[in-house]
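Dear colleague,

I am passing the structure on to you with this message, and my notes on it follow below.

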Amino acid sequence: MSSIRNIVILTGAGVSAESGIDTFRDGGGLWEQHRVEDVATPEAFARDPDLVLRFYDMRREAIQTKQPNAAHRALAKLDAEWEGDLLIVTQNVDDLHERAGAKRVLHMHGEHLNAWCMACDERPRWIGPLIDRPACPECGEAALRPDIVWFGEMPYRMDEIFAALEQADLFVSIGTSGAVYPAAGFVRNARELGVETLELNLEPSQGTAWFDEARHGPASELVPAWVEEVLASSRT
């Protein structure tokens, strides 16, 4: 552990679940009798934009009522105190890592509290509804959509993620199912690069066998304990 300097951390829904944020497929993958895929694809947005905007307006409003939990706070502590390179790559579209104080965060699937203007390509911060087609604050066009990576779209900043993995000594996956690609493949990329790998998850994920070590239990317990372990080793 003392030889570790550069860390890449992947976080998924299991980190935010204990803050009361539902995973994307809770309730059998349905939302008001619609499949999640019916409200989370470019085709769905083209077919029924009101349905899609209403779905994301509700989720955007809901996450603003939630608070970071012990796992978010522990990762923020690691971010503040770790002297080596650190990148928290999150699949989550909430802002709980940032509200806990983390700064070295990359949202590969976008953010609920951003909008994306299809006219000028700007991504303004956005906390209100989009259903009424408000104007983009940058260009004035009514062309805003949720700044979320939908099914069939490429996740953000993949080059940065792979570059960080190439420089990493440790890759840690926290609260992920190991089912959603390309994030589920990061552990294989890390292993091919000779990077040490660790899984922290409520239960074994679909990719557990790829990790050098796996610890299972609630993120709010596992993550603070692991962070203290890492920080203690860096002081010796």
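A polar contact here is a pair of N or O atoms within 3.5 Å, where within protein one must be able to donate a hydrogen and the other to accept it, and where residues adjacent in sequence count only if both atoms are side-chain atoms. This is a predicted model, in which local features need pLDDT of at least 70 and side-chain atom pairs count only at pLDDT 80 or more, while totals for chains, interfaces and linings use all residues. Residues are numbered from 1 along each chain as its sequence is written, and side-chain values use heavy atoms, with hydrogens and water left out.

The side chain of H97 makes such a polar contact, at 2.9 Å, with the side chain of T11. H97 counts as buried because its relative accessibility is 2%, buried being under 20% relative accessible area, exposed over 50% and partly exposed in between (1.4 Å probe, protein chains only).

R191, by comparison, counts as partly exposed at 37% relative accessibility. The side chain of R191 reaches the backbone oxygen of W210 at 2.3 Å, and the C-alpha atoms of R191 and D212, which are 21 residues apart along the chain, are separated by 8.8 Å. If neighbours within four places in sequence are set aside, R191 is in contact (heavy atoms within 4.5 Å) with T197, A209, W210, F211 and D212.

Best wishes
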